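Let's take a walk through this protein together.

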Amino acid sequence: MREDNANPAAANRRMSGAEYRASLRDYRPRVYVDGRLIESVADETSLQPGINALAVSYDFALDPAKAPLMTALQSASGWTVNRMLHINEAAGDLLNKLEAVRLLCQETGCAQRYLAHDALNALHQLSARLDAAHGSNEQRARCAAYLAHVQRNDLALGIAMTDAKGERARRPHAQTNADSYVHIVERRRDGIVISGTKAIVTGAPYMHELLVMPSRNMQAEDADFAVCCALPVDAPGVTLIARPAGRPGERLEHGAAPFSRRYGQSTAVVVFDQVFVPWERVFLAGEWQHSAALTYAYATHHRHSCIGARAGFGDLLIGAGALMCEANGLDPASKASLREPMVELIKITEGFFACGVAASVYAAPDEHSGSFMPEPVFANIGKLLLATQIYDMHRLAHEVSGGLIVALPGPDEDHNPATAATLAEVLRANPEVPYARRIEVARFIEDLTASYQGGWYSVISLHGGGSPAALKQEIWRNYPLGNKVELVERLLERGVVHDPARPITRNRQPGRCCAAGCSQTGQAIMLPLAKRSDST
């Protein structure tokens, strides 16, 4: 059943991974992959690694050991919902979300579904802001109804935010081709009609719905481009031009990809051609003054989530690097040339994750909605660190692993009677580690760091959630430089009185909640890293 809206008060469902896969058959999106029109997303080989990754977010929420972290009680409805669909009611919710994303990405490399959490929280804040400006409760009610729909049906949402943008030096209204940004082309009594292009929509082909959001702050002339709305992925007029997820079924230069044949991520360019959206699914329609607040809220939530995602990826590199040291017959504890890069890899991963923890601990409630926002300076610093250090993470994994990860013969030689026995003898290092296990880890590291997929992880880490320039801008804009300046002036006994018009001291430290006030509701659950058996 595609959805159950018959009784809004009905209890929500929580799907398993298998049920999620089956639910995709209820949708018929127009999807092209590598020039082919896809008949059935659920059956398409090139999209299976992405579907597999989404399915994990469903199965983990039903796992009794993981459910305390992977689900949350939404107090407004009384429903227990997937953590990726929860509105943060306390700082502890943000820390739990960070841990949940890390757990998912330890398994999948990139969980993808956390973008829905980030967008829904930003939308919740927008609705309260709009009602405060208009003196009404209309937008809150509309957002609450949509949130209930998503939570009740346990939906996966694709976030259509990044526009094609066209000529970068021109604002949306001044573009030669207006469709380089999604915009409203018609306002009707029953809804709006939109057209335009979103350039990067994560996981779009195997989502249930798309949530369209503006990608920048708009000005009065850009009012038609200030649009936020939700629609099914198969709405008439929507075309998805996607890339494969991972590397399934390919015959690669070094054999089948041990990780990315199982898990990956598709992204799509989404073209909206005269797409109708009913008013109950429209959350912003020309109110350009609020576009910046929506974009900022989403970006802050998303950058915080990215920290957890790349920490999970870092865990994969740390574990694989240690296994490779062991397989090579070397112990980092007694060999400084290996210990130092391993510690550096750990430092990088846990360093940016610590920024995510700090952004959670110092989270504060949004002034209009009351839901909690990550502290923006720590969230942006953490994202900036991972964006620029992802290349160092790859380098360090290469350093501790040795050149075998790209020099190893392909898997066909493992079964070649003329060469297999020789390779098994000469390419074995630690006598305690069989040849097959050594090369398996080598190929795993190659897949994550020195392949098409490895390059892709680097680029999405650098640009996903905002470029380094955008992150630096937010850090400077939010950092309490004024407090630091006045600290030094006080120590110099200058007796300078604070001047709010003085540019260098304009940014000041916001108030921070006490530990009890932030932590009583939604207390964080700090879980150890997941333990996996060889059979999983």
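Predicted model: local features only at pLDDT ≥ 70, side-chain atom pairs only at ≥ 80, totals over all residues.

A search of the whole structure turns up 7 aromatic pairs, and F313 with Y457 makes a tilted one, with 4.6 Å from centre to centre and 35 degrees between the planes. F313 sits in helix α7 (residues 291-327) and Y457 in helix α13 (residues 452-463), so this pair ties together parts that are 144 residues apart in sequence.

Stay with F313 for a moment. How buried is F313, in terms of relative accessible area? The value is 0%, and since buried means under 20%, F313 counts as buried. Leaving out neighbours within four places in sequence, F313 is in contact with C105, G109, I390, M393, H394, L448 and Y457. There's also R102 to look at: R102 and F313 are 211 residues apart in sequence, yet their C-alpha atoms are 8.0 Å apart in space.

R102 brings us to another kind of arrangement, a charge over a ring. The charged end of R102 sits over the ring of F353, 4.4 Å from the ring's centre. Look for a second example at R113, which lies over the face of Y58, 3.9 Å from the ring centre.

Now back to the aromatic pairs. F259 and Y263 are both buried. Their ring centres are 5.9 Å apart and their planes are at 55 degrees, so this pair is tilted. Which rings make up the cluster here? Ring pairs link F259, Y263 and F444.

Next, find helix α5, which runs over residues 114-134. This helix has 21 residues and spans 31 Å from its first C-alpha to its last, close to the 30 Å expected at 1.5 Å a residue. Is α5 mostly covered or mostly uncovered? It's mostly covered, with 16 of the 21 residues buried. Just past the end of α5 comes G135, with a positive phi of about 65 degrees.

Then hop along to E375, in the loop between β15 (372-373) and α9 (376-401). E375 has a relative accessible area of 11%, so it counts as buried. What does its side chain reach? It reaches the backbone nitrogen of F378, at 2.7 Å. Not counting residues up to four places away in sequence, E375 also touches A359, Y362 and A363.

Time to step back and take in the whole protein. It has 16 helices and 15 strands, and buried residues make up 54% of its 536 residues. Among the contacts with a separation of 6 or more, 77% are between residues 24 or more positions apart.

How confident is the predictor in all this? The mean pLDDT of the protein is 88, and 87% of its residues reach 70 or more. Still, there are stretches to treat separately. Over residues 511-521, pLDDT stays under 50, and the model has 11 contacts beyond four places in sequence for them. Over residues 530-536, pLDDT also stays under 50, and there the model has 4 such contacts beyond four places in sequence.

Conventions: Residues numbered from 1 in each chain as written. Heavy atoms only, no water. Helix = DSSP H or I, 4+ residues; strand = E, 2+ residues; numbered from the N terminus. Buried < 20%, exposed > 50% of the residue type's maximum accessible area, 1.4 Å probe, protein only. Polar contact = N/O pair within 3.5 Å; in protein donor to acceptor, adjacent residues only side chain to side chain. Contact = heavy atoms within 4.5 Å. pLDDT = per-residue confidence, 0-100. Expected span 1.5 Å × (residues − 1). Phe/Tyr/Trp six-rings, centres within 6.5 Å; stacked < 30°, edge-to-face > 60°. Lys NZ or Arg CZ within 6 Å of the ring centre and 35° of its normal.
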